[in-house]
Amino acid sequence: PTEYQSMREISIEELRENFDHFDTNGDGKIDREEFTELMSALGGDEPGSDAAIGFRAIDSDGSGLIEFDEFSRWFATL
């Protein structure tokens with residue numbers, strides 16, 4: 001509980017910083033290439049079908065890009 005709450009308070013700021021870091025073209029969205037870099041940095045497996053499935057799961061509006069609100073909603077489920 002207290003640990004979890006403090007992680008949540010910090011995580012939104014850190015989450016935004018991380019999102020912006022991987023948004024290498026600065027358009028406010030993460031594309032598939034940027035997502036692959038993000039997953040690699042998080043220690044994910046080699047890019048492939050799992051990354052594509054993860055991308056589609058986070059991209060809830062199906063735009064082909066992950067906006068920060070989609071990213072933060074996904075992160076909240078972890």
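What follows is a chat about the core, the rings and the charged side chains of a predicted model.

Reader: Before we dig in, what are the ground rules on pLDDT and numbering?
Author: The model is predicted, so local features need pLDDT of at least 70 and side-chain atom pairs count only at pLDDT 80 or more, while totals for chains, interfaces and linings use all residues. Residues are numbered from 1 along each chain as its sequence is written, and side-chain values use heavy atoms, with hydrogens and water left out.

Reader: What's Leu38 in contact with, leaving aside neighbours within four places in sequence?
Author: Phe22, Ile30 and Phe71. Contact means heavy atoms within 4.5 Å.

Reader: Switching to rings. How many aromatic pairs?
Author: The count is four. Rings of Phe, Tyr and Trp (its six-membered ring) pair if their centres lie within 6.5 Å; planes under 30 degrees apart are stacked, over 60 edge-to-face, and the rest tilted. One of them is Phe19 with Phe71, tilted, at 5.4 Å centre to centre and 50 degrees between the planes. That pair links distant parts of the chain, since Phe19 is in helix H1 and Phe71 in helix H4, 52 residues apart.

Reader: Are Phe19 and Phe71 buried or exposed?
Author: Both are buried. Phe71 has a relative accessible area of 4%. Phe71 also forms a tilted pair with Trp74, 5.6 Å centre to centre and 40 degrees between the planes. Trp74 is partly exposed at 22% relative accessibility.

Reader: Which residues do the ring pairs link into a cluster?
Author: Phe19, Phe68, Phe71 and Trp74. Arg16 lies over the face of Phe68, 4.3 Å from the ring centre. The rule there is NZ of Lys or CZ of Arg within 6 Å of the ring centre and within 35 degrees of the ring normal.

Reader: OK, charges. How many salt bridges?
Author: Two, where a salt bridge is a side-chain nitrogen of Lys or Arg within 4 Å of a carboxyl oxygen of Asp or Glu. Arg16 forms one with Asp20, the closest N and O atoms being 3.2 Å apart. Asp69 and Arg73 meet in another, 3.4 Å from N to O.

Reader: Where do Asp69 and Arg73 sit relative to each other?
Author: They are four residues apart in helix H4, so about one helical turn separates them. Arg16 and Asp20 are also four residues apart, in helix H1.

Reader: What about Asp59, buried or exposed?
Author: Asp59 is buried yet has no salt bridge, and the nearest side chain of opposite charge, Arg32, is 6.2 Å away. Lys and Arg count as positive and Asp and Glu as negative; His and the chain ends are not counted. Asp59 lies in the loop between H3 and strand S2 (66-67).

Terms used. Helix = DSSP H or I, 4+ residues; strand = E, 2+ residues; numbered from the N terminus. Buried < 20%, exposed > 50% of the residue type's maximum accessible area, 1.4 Å probe, protein only.
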